[in-house]
Amino acid sequence: IVNNDLMNNIDVKRVISPVSVADNTAQVGTVVDRQGFGSVTYLIATGSIADADATFTVLLEESDASGSGYAAVADDDLLGTEALAGFQFDDDNECRKLGYRGIKRYTRLTITPANNASAALIAAVAVLGSPAVGKTANPPA
C-alpha cells in the first residue's frame with residue numbers, strides 16, 4: 001500500500017442517493033457490508049435546506065446480519081458523534097462525517113428530519129478503507 005494513494009485504498013458505497021426531502025420521513029440508508037475492510041466512514045452532503053426550523057438527526061446502527069438485528073452503535077464505537085453529523089435549516093451546502101470502529105460486519109445510517117415541510121437536499125455515501133487485500137476496484141464495486 002502506497003501511503004499517498006487514497007484512491008486505490010478505499011471503496012465507496014451509495015448509502016442515500018441524492019434526494020429532496022419535504023416532510024419528516026426518515027431516510028434509511030442502504031446496509032453497508034465492511035467485510036474485507038478495516039474501517040468505514042459515512043459522508044453526508046446537504047444542498048439547499050428550505051425550511052426555516054428543520055433539524056436532521058443522524059443515527060448509525062450495527063448488526064452481525066445484513067437483514068436484521070440492528071441496534072444503535074455505542075458512542076465508544078463512533079469516530080465523531082451523531083450530534084456533530086446532524087444538521088439543521090442553516091447548514092445549506094455543507095458536509096458531515098461519522099466513522100465506525102466497532103466490530104460488527106454491517107452498518108446502516110439513518111437521517112431523520114423534524115419540523116421539515118419544505119425541500120431539503122441530502123445525500124450520503126460510505127467510504128470503506130484499509131482493505132485486507134490489495135488495490136480496490138475503480139469504478140467501485
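Biologist: Quick one to start. Phe 56 and Phe 87: buried or exposed?

Modeller: Phe 56 is buried, and Phe 87 is buried as well. Keep in mind that this is a predicted model.

Biologist: How many aromatic pairs turn up in the whole structure?

Modeller: The search gives 1 aromatic pair. Phe 56 and Phe 87 make that pair, and it is stacked. Their ring centres are 4.7 Å apart, with 15° between the planes.

Biologist: And which strands does the pair link?

Modeller: Phe 56 sits in strand S5, residues 55–63. Phe 87 belongs to strand S8, residues 87–88.

Biologist: Let's move to Thr 46. Where does it lie?

Modeller: Thr 46 is in strand S4, which covers residues 37–49.

Biologist: Why does Thr 46 count as buried?

Modeller: Its relative accessibility is 10%. The cut-off for buried is under 20%, so Thr 46 falls inside it.

Biologist: Which residues does Thr 46 touch, leaving out those up to four places away in sequence?

Modeller: Phe 87 is one of them, the Phe from the stacked pair. Thr 46 also touches Asp 91, Asp 92, Asn 93 and Glu 94. Leu 121 and Ile 122 complete the list.

Biologist: What does the side chain of Thr 46 reach on the backbone?

Modeller: It reaches the backbone nitrogen of Asn 93 at 3.2 Å. A polar atom of the Thr 46 side chain also lies 2.7 Å from the backbone oxygen of Asp 91.

Biologist: What about Ser 20? How far is its C-alpha from that of Thr 46?

Modeller: The separation is 10.0 Å between the C-alpha atoms. Along the chain, Thr 46 and Ser 20 are 26 residues apart.

Biologist: OK, sheets. What order do the strands take in the open sheet?

Modeller: There are 5 strands, in the order S1-S11-S4-S9-S7, and the pairing is antiparallel. The edge strands are S1 and S7, the latter at 78–79. Each of those edge strands pairs on one side only.

Biologist: How many bridges join S4 to S11?

Modeller: That antiparallel pairing has 10 bridges. S1, residues 10–21, also pairs with S11 in the antiparallel sense, over 9 bridges.

Biologist: Zoom out. How many helices and strands are in the chain?

Modeller: The chain has 1 helix and 11 strands. From the N terminus, the elements run β-β-β-β-β-β-β-α-β-β-β-β.

Biologist: And how does the radius of gyration sit with a compact globule?

Modeller: It agrees, because a compact globule of 141 residues would be near 14 Å and this chain has 15 Å. The C-alpha atoms fill a box of roughly 45 × 30 × 25 Å along the principal axes.

Biologist: What share of the residues is buried?

Modeller: Buried residues are 40% of the 141. The chain exposes about 7,400 Å², and carbon and sulfur atoms supply 54% of that.

Biologist: Last one. What share of the contacts joins residues at least 24 apart?

Modeller: 81%, among contacts between residues at least 6 apart in sequence.

How values were computed. Residues are numbered from 1 along each chain as its sequence is written. This is a predicted model: local features need pLDDT of at least 70, side-chain atom pairs count only at pLDDT 80 or more; totals for chains, interfaces and linings use all residues. Side-chain values use heavy atoms; hydrogens and water are left out. Helices (H or I, at least four residues) and strands (E, at least two) are DSSP runs, numbered from the N terminus. Buried means under 20% relative accessible area, exposed over 50%, partly exposed in between (1.4 Å probe, protein chains only). Contact means heavy atoms within 4.5 Å. A polar contact is a pair of N or O atoms within 3.5 Å; within protein, one must be able to donate a hydrogen and the other to accept it, and residues adjacent in sequence count only if both atoms are side-chain atoms. Two strands pair if DSSP finds at least two bridges between them. The radius of gyration is taken over C-alpha atoms; the globule rule is 2.2 Å times the number of residues to the power 0.38. Accessible areas come from the Shrake-Rupley method with a 1.4 Å probe; for residues, only the protein chains shown count as cover. Rings of Phe, Tyr and Trp (its six-membered ring) pair if their centres lie within 6.5 Å; planes under 30 degrees apart count as stacked, over 60 as edge-to-face and the rest as tilted.
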